[in-house]
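Here is a friendly walk through one protein model, meant to be read with the structure open beside you. Take your time and follow the residues as they come up.

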Amino acid sequence: MEFRAKKIKSQAKKDFEKTWQETARLLPRKGRGIIWKKAKGKKHPVVNTILKFRKTFLSFGFEERILPAIVPSSEVYRQYGPEAPLILDRVYYLAGLTRQELGLPNKKKKKIKNIAPNFKKFEKLKKLLRDYKKGRVEADDFIESMVKRLKINESQATEIIDKVFPEFKQLIPEPTNLTLRSHMTASWFPLLSKLQRQRRLPLKLFSIGSRFRREQRQDADHLFESTSASIVVMDKNITLEDGIILTKKILKELGFSKVKVIPKKTTSKYYAPGMDLEVFARFNNQEFEIANLGFYSPVALANYKIWYPVLNLGFGVERVAMILTGGKDIRSLVYGEVA
């Protein structure tokens with residue numbers, strides 16, 4: 001079956017609710033169109049690389065953690081100090097729609113009666129609107145709540161929202177101080193501060209998750225969203241040399257026999273001076289950065305009342321996957337041919 005997409009799109013523009021209802025008939029409910037049987041699927045190269053990292057980290061005795069991806073901008077200031085404004089220039093801030101007071105004057109009541117002629121539950125509708133404003137009813141539950149509380153059907157509820165309350169379409173996002181993490185580091189500090197009082201050293205943790213960066217553009221080497229395989233080790237006696245050895249051992253497990261570890265010319269402020277290192281692998285006849293490691297600065301640690309040295313090691317999963325698969329464009333690697 002093929003849909004006449006152009007016609008459906010045109011009809012929906014004229015009457016969304018009617019088209020939405022009618023096009024459901026195009027989808028068969030019964031019969032056997034596909035016979036399901038076991039077969040070999042196709043792995044995604046990035047997910048496959050994540051699983052390799054995970055297996056390797058666990059084999060070195062690291063404990064897996066899931067870290068929050070939403071971070072208050074104040075945390076970035078605690079970690080980066082005077083460098084924070086420059087870091088925040090690369091992050092995505094979150095915004096939310098303001099739930100304003102929605103009145104129910106006679107003009108609106110008349111419109112509602114045109115949509116649902118027998119409607120009488122205006123007081124219940126007022127209460128529902130107040131509950132929505134105060135957050136007692138979530139946005140994705142609002143239509144369902146209208147159907148249940150007001151005893152109207154789904155089409156009527158949707159049409160009332162669309163035609164009676166244009167305020168919903170006019171809401172303007174208001175920024176918050178919450179950001180999408182651009183570095184896994186942003187989520188490690190608060191956790192380490194809590195765990196140092198509860199756990200014995202050495203504390204060895206890892207987390208694999210997304211990071212979001214407002215790059216100037218998305219190209220063959222950069223994505224707005226990428227994956228970090230991040231490690232922290234807290235211990236009284238750990239050295240930077242320990243971190244370099246661990247990095248090489250992990251990469252050897254992934255198939256990298258030779259890598260270069262080079263100090264960065266300028267140190268990020270959440271690292272201690274001279275303790276910010278980059279890891280490179282040979283790829284496409286050039287040195288390709290795939291990881292970063294170093295000691296967190298005692299200044300940043302002090303802001304969280306962390307008492308012990310912390311080594312941080314982070315791998316760019318997509319970049320490692322690029323080398324392992326011989327890819328040339330990170331967009332195609334991650335998103336496939338449609339990128």
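## About the model

This is a predicted model, in which local features need pLDDT of at least 70, side-chain atom pairs count only at pLDDT 80 or more, and totals for chains, interfaces and linings use all residues. Residues are numbered from 1 along each chain as its sequence is written, and side-chain values use heavy atoms, with hydrogens and water left out.

## Aromatic pairs

Rings of Phe, Tyr and Trp (its six-membered ring) are paired here if their centres lie within 6.5 Å; planes under 30 degrees apart count as stacked, over 60 as edge-to-face and the rest as tilted. How many aromatic pairs does this rule give? The count comes to 13. One of them joins F57 and F315, a tilted pair with 6.2 Å centre to centre and 35° between the planes. F57 belongs to helix α3 (residues 45-59) and F315 to strand β10 (residues 310-316), so this pair ties together parts that are 258 residues apart in sequence. Helices (H or I, at least four residues) and strands (E, at least two) are DSSP runs, numbered from the N terminus. F57 is buried, at a relative accessible area of 0%, and F315 is buried with a value of 0%. Buried means under 20% relative accessible area, exposed over 50%, and partly exposed in between (1.4 Å probe, protein chains only).

F119 and F122 make an edge-to-face pair, with 5.0 Å between centres and 80° between the planes. Both F119 and F122 are buried. Ring pairs also link Y80, F189, Y270, Y271, Y296 and Y304 into a cluster.

## Charges over rings

A charge sits over a ring if NZ of Lys or CZ of Arg is within 6 Å of the ring centre and within 35 degrees of the ring normal. R78 lies over the face of Y304, at 3.8 Å from the ring centre. Y304 is also one of the rings in the cluster described above. K204 lies over the face of F62, at 5.3 Å from the ring centre.

## Two helices in contact

Two packed helices are described by the angle between their axes and the distance between the axes. Here the axes are lines fitted to C-alpha atoms, for helices over the stretch in contact, and angles run from 0 to 180 degrees between N-to-C directions. The axes of helix α1 (residues 5-14) and helix α2 (residues 16-23) come within 5 Å and cross at roughly 140°. α1 and α2 are therefore oblique to each other: angles under 35 degrees count as roughly parallel, over 145 as roughly antiparallel, 65 to 115 as roughly perpendicular and the rest as oblique.

Which residues make the contact? From α1 they are I8, Q11, A12 and K14, and from α2 they are F16, T19 and T23. Contact means heavy atoms within 4.5 Å. The residues of this contact divide into three nonpolar, three polar and one charged. In this grouping, Ala, Val, Leu, Ile, Met, Phe, Trp, Tyr, Cys and Pro count as nonpolar, Asp, Glu, Lys and Arg as charged, and the others, Gly among them, as polar.

Most residues other than glycine have a negative phi, and most peptide bonds are trans. A cis peptide bond joins L201 and P202, with omega at about 0°. P202 sits in the loop between α10 (185-195) and β5 (203-212).

K151 has a positive phi near 60°. The residue K151 is in the loop between α8 (142-150) and α9 (154-163), and K151 is exposed at 64% relative accessibility. K305 has a positive phi of about 55°. K305 lies in the loop between α12 (298-302) and β10 and is exposed, with a relative accessible area of 59%.

## Single residues to look up

Is S228 buried or exposed? S228 is buried, with a relative accessible area of 3%, and lies in strand β6 (residues 225-234). Not counting residues up to four places away in sequence, S228 touches M184, S207, I208, G209, R211, F315 and V317.

E83 is found in the loop between α4 (73-80) and α5 (84-88). E83 and K269 are 186 residues apart in sequence and 6.5 Å apart in space, C-alpha to C-alpha. P82 lies in the loop between α4 and α5 and is exposed, with a relative accessible area of 73%.
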